[in-house]
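Please consult the sequence and the structure shown here alongside the text.

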Amino acid sequence: LEDPKVPYLTQLLDGHPGPVVVSTDYMKIHADQIRPWIGNRRFVALGTDGFGQSDTREALRRHFEVDRQFVVLAALKALADDGVLG
């Protein structure tokens with residue numbers, strides 16, 4: 001009979017409009033696990049699905065397009081898809 005608890009992630013995102021972009025060194029299904037708690041905003045998950053050969057962690061992130069440049073591109077695309085950017 002208590003008031004329903006608000007998930008911590010939902011509390012963090014409350015009042016911050018815009019898309020959510022999640023990048024992980026694991027398969028993107030790991031990032032998808034938080035999707036139910038982000039509300040009705042656009043959600044983009046980037047992950048290292050598949051097989052790749054990389055000598056460094058940075059090269060791995062570049063190969064799977066989960067490094068900072070691709071996070072920025074994903075965020076800009078999500079904003080454009082939402083009509084925020086022209």
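## Arginine 62 and its partner

Arginine 62 counts as partly exposed, at 43% relative accessibility; on this scale buried means under 20% relative accessible area, exposed over 50%, and partly exposed in between, with a 1.4 Å probe and protein chains only. Arginine 62 forms a salt bridge with aspartate 67, and the closest N and O atoms of the pair are 3.3 Å apart. A salt bridge is here a side-chain nitrogen of Lys or Arg within 4 Å of a carboxyl oxygen of Asp or Glu. Aspartate 67, in turn, counts as buried at 11% relative accessibility.

The model is predicted, with local features requiring pLDDT of at least 70 and side-chain atom pairs counting only at pLDDT 80 or more, while totals for chains, interfaces and linings use all residues. Residues are numbered from 1 along each chain as its sequence is written, and side-chain values use heavy atoms, with hydrogens and water left out.

## Other salt bridges

The count of salt bridges comes to six. One of them joins the side chains of aspartate 25 and arginine 61 at 2.8 Å, N to O. This pair links distant parts of the chain, 36 residues apart: aspartate 25 lies in the loop between strand 1 (20-23) and helix 2 (28-32), and arginine 61 in helix 3. Helices (H or I, at least four residues) and strands (E, at least two) are DSSP runs, numbered from the N terminus. Both partners are partly exposed, aspartate 25 with a relative accessible area of 23% and arginine 61 at 29%.

The side chains of aspartate 81 and lysine 77 also meet in a salt bridge, at 2.8 Å, N to O. Both residues lie in helix 4, four residues apart, about one turn of the helix. Aspartate 81 counts as partly exposed, at 42% relative accessibility. Elsewhere, salt bridges that share partners join Asp25, Arg57 and Arg61 into one network.

## Threonine 48

Threonine 48 is placed in the loop between strand 2 (43-46) and helix 3 (57-63). This residue is buried, with a relative accessible area of 9%. Its side chain reaches the backbone oxygen of aspartate 25 at 2.7 Å. Leaving aside residues up to four places away in sequence, the contacts of threonine 48 (heavy atoms within 4.5 Å) include Asp25, Tyr26, Leu60, Phe64 and Val66.

## Backbone features

Most residues other than glycine have a negative phi. Glutamate 65 has a positive phi of about 60 degrees although it is not a glycine. Glutamate 65 sits in the loop between helix 3 and helix 4 and is partly exposed, with a relative accessible area of 44%.

Helix 4 covers residues 68-81, and its 14 residues should span 20 Å at 1.5 Å a residue; the expected span is 1.5 Å times one less than the number of residues. The end C-alpha atoms are 20 Å apart, in agreement with that value. Glycine 83, which follows helix 4, has a positive phi near 85 degrees.

## Overall fold

The secondary structure comprises four helices and two strands, in the order α-β-α-β-α-α along the sequence. The radius of gyration is 15 Å, well over the 12 Å that the globule rule gives for 86 residues, so the protein is more spread out than a compact globule. This radius is taken over C-alpha atoms, and the rule is 2.2 Å times the number of residues to the power 0.38. Along its principal axes the C-alpha trace spans about 55 × 35 × 15 Å. Of the 86 residues, 21% count as buried.

Terms used. A polar contact is a pair of N or O atoms within 3.5 Å; within protein, one must be able to donate a hydrogen and the other to accept it, and residues adjacent in sequence count only if both atoms are side-chain atoms.
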